[in-house]
Amino acid sequence: QVQLVESGGGLVQPGGSLTLSCAASGSIFRYNTMGWYRQVLGKQRELVARIVSHSSTNYADSVKGRITISRDNAMNTVALQMNSLKPEDTAVYYCNLDPPYRSSSNGREYWGQGTQVTVSS
């Protein structure tokens with residue numbers, strides 16, 4: 001069974017830091033590119049960071065220099081270290097494969113519950 005469980009979100013002041021964590025099923029994690037996405041209510045979900053199996057990374061321009069993605073292949077976890085947070089970083093953050101995992105039975109994308117990050121003074 002596929003599982004993606006995100007945690008670590010919360011309320012933080014502008015300029016603050018948070019570390020998000022994602023626990024993924026081994027079946028979808030192993031050898032696949034993983035990503036962190038975020039979604040603001042009413043807007044499309046966007047990919048903000050990705051990491052391939054050998055730790056090569058890419059970042060959206062909006063977060064480059066402030067966010068670091070990492071993975072622990074032994075533990076099947078992916079982390080997102082976020083620094084110098086801005087109000088515009090406020091969103092629900094999700095982890096998933098890149099591209100997102102699709103069920104083989106119905107073709108639908110599968111997403112975890114996400115974790116809310118709110119940047120506000």
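Helices and strands here are DSSP runs, with helices (H or I) of at least four residues and strands (E) of at least two, numbered from the N terminus. On that basis Arg66 sits in the loop between β6 (57-59) and β7 (67-72). The model is predicted. The protein chain contains 1 helix and 10 strands, and the structure holds 1 disulfide.

**Overall fold**
- Read from the N terminus, the elements of the protein chain follow the order β-β-β-α-β-β-β-β-β-β-β.
- The radius of gyration of the protein chain is 14 Å, which agrees with the value near 14 Å for a compact globule of 121 residues.
- Along the principal axes, the C-alpha atoms of the protein chain fill a box of roughly 45 × 30 × 20 Å.
- Of the 121 residues in the protein chain, 40% count as buried.
- The protein chain exposes about 6,600 Å², of which carbon and sulfur atoms supply 47%.
- Among contacts in the protein chain with a separation of 6 or more, 57% come from residues 24 or more positions apart.

**Strand β9 and its partners**
- Strand β9 is mostly covered, with 7 of its 7 residues buried.
- Strand β4 (residues 34-39) runs antiparallel to β9, and 6 bridges join the two.
- Within this pairing, Tyr37 has Tyr94 of β9 as its bridge partner.
- Strand β10 is also antiparallel to β9, joined to it by 3 bridges.
- In β10, Thr115 stands opposite Tyr93.
- In a regular strand, side chains alternate between the two faces of the sheet.

**The disulfide**
- Cys22 and Cys95 are joined by a disulfide, with an S to S distance of 1.7 Å.
- The pair links distant parts of the chain, since Cys22 belongs to strand β3 (residues 18-24) and Cys95 to strand β9, 73 residues apart.
- The disulfide is right-handed because the torsion about the S-S bond of Cys22 and Cys95 is about 45 degrees.
- Both Cys22 and Cys95 are buried.

**Arg66**
- Arg66 has a relative accessibility of 10%, and the cut-off for buried is under 20% relative accessible area, so Arg66 counts as buried.
- The side chain of Arg66 makes a polar contact of 2.7 Å with the side chain of Asp89.
- Neighbours within four places in sequence aside, Arg66 is in contact with Gln81, Met82, Asn83, Ser84, Leu85, Lys86 and Asp89.

**Arg102**
- Arg102 is found in the loop between β9 (91-97) and β10 (115-119), and those two strands are joined by 3 bridges.
- Residues up to four places away in sequence not counted, Arg102 touches Gly107, Arg108 and Glu109.
- A polar atom of the Arg102 side chain lies 2.8 Å from the backbone oxygen of Gly107.

Definitions and conventions
Residues are numbered from 1 along each chain as its sequence is written. This is a predicted model: local features need pLDDT of at least 70, side-chain atom pairs count only at pLDDT 80 or more; totals for chains, interfaces and linings use all residues. Side-chain values use heavy atoms; hydrogens and water are left out. Contact means heavy atoms within 4.5 Å. A polar contact is a pair of N or O atoms within 3.5 Å; within protein, one must be able to donate a hydrogen and the other to accept it, and residues adjacent in sequence count only if both atoms are side-chain atoms. A disulfide is a pair of cysteine sulfur atoms within 2.5 Å. Buried means under 20% relative accessible area, exposed over 50%, partly exposed in between (1.4 Å probe, protein chains only). The radius of gyration is taken over C-alpha atoms; the globule rule is 2.2 Å times the number of residues to the power 0.38. Accessible areas come from the Shrake-Rupley method with a 1.4 Å probe; for residues, only the protein chains shown count as cover. Two strands pair if DSSP finds at least two bridges between them.
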